[in-house]
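Subject: Structure for you to look at

Hi,

Here is the structure I promised to pass on. Could you have a look when you get a moment?

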Amino acid sequence: MRAMGQNVERTFVLDNFAAHAIVKEHSFFVGRVHAMSFAATTLSALVALVFLLAGAQKLLLRPQVTANLLRLGVGSAMTRTIGVLEIAGALGLVAGLLWRPIAVAAAAGLTLLLIGAIGYHVRARDFAHRRHRSHATAPVLLAVVAGATTMLLLLTP
């Protein structure tokens, strides 16, 4: 009888070890998901803030913003449209905190908007001119960040 009791005790220890290993593996995975979710949420909030401010300046036709856009051949109506799209994208990223597909669509839309901006800068040859290079580099960096936000949102459950 004693051998049987020891055997049961060992089985319990093995089962407890296996359960502990499963819990540990699961918590490691959950920790990584939470970290990615935190990164996606933080990046979405930062991108939303940037585009809310940028869109408001375009919507209000601030002279500092419109001067560069006029040089690129973008009129005031188009500038306001871009501003509305940027604000809509920012609001979509914020609404995406409640329903993820909206955030994915908003981040993808902002990325496409920035690719269009890069096209305007390429057409104006801004990358070749030192004086306008900073205006041309900003949409590239923002496109990378918006694209990364889109990917993080797609990869995070």
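Before the findings, two notes on how to read them. This is a predicted model, in which local features need pLDDT of at least 70 and side-chain atom pairs count only at pLDDT 80 or more, while totals for chains, interfaces and linings use all residues. Residues are numbered from 1 along each chain as its sequence is written, and side-chain values use heavy atoms, with hydrogens and water left out.

The protein chain has 5 helices and 0 strands, where helices (H or I, at least four residues) and strands (E, at least two) are DSSP runs numbered from the N terminus. The order from the N terminus is α-α-α-α-α. Of the 157 residues, 27% are buried, meaning under 20% relative accessible area, with exposed being over 50% and partly exposed in between (1.4 Å probe, protein chains only).

α3 and α4 pack at an angle of about 150°, and their axes are 7 Å apart; axes are lines fitted to C-alpha atoms, for helices over the stretch in contact, and angles run from 0 to 180 degrees between N-to-C directions. The two helices, α3 and α4, are therefore roughly antiparallel, a label for angles over 145 degrees.

Each of these helices has a residue worth a look. Ala88 sits in α3 and is partly exposed, at 44% relative accessible area. From Ala88 to Leu110 is 22 residues in sequence and 9.2 Å in space, C-alpha to C-alpha. Gly116 belongs to α4 (residues 100-123) and is partly exposed too, at 36%.

Helix α4 gives the largest share of the lining, 6 residues.

Best wishes

Notes. Angles under 35 degrees count as roughly parallel, over 145 as roughly antiparallel, 65 to 115 as roughly perpendicular and the rest as oblique.
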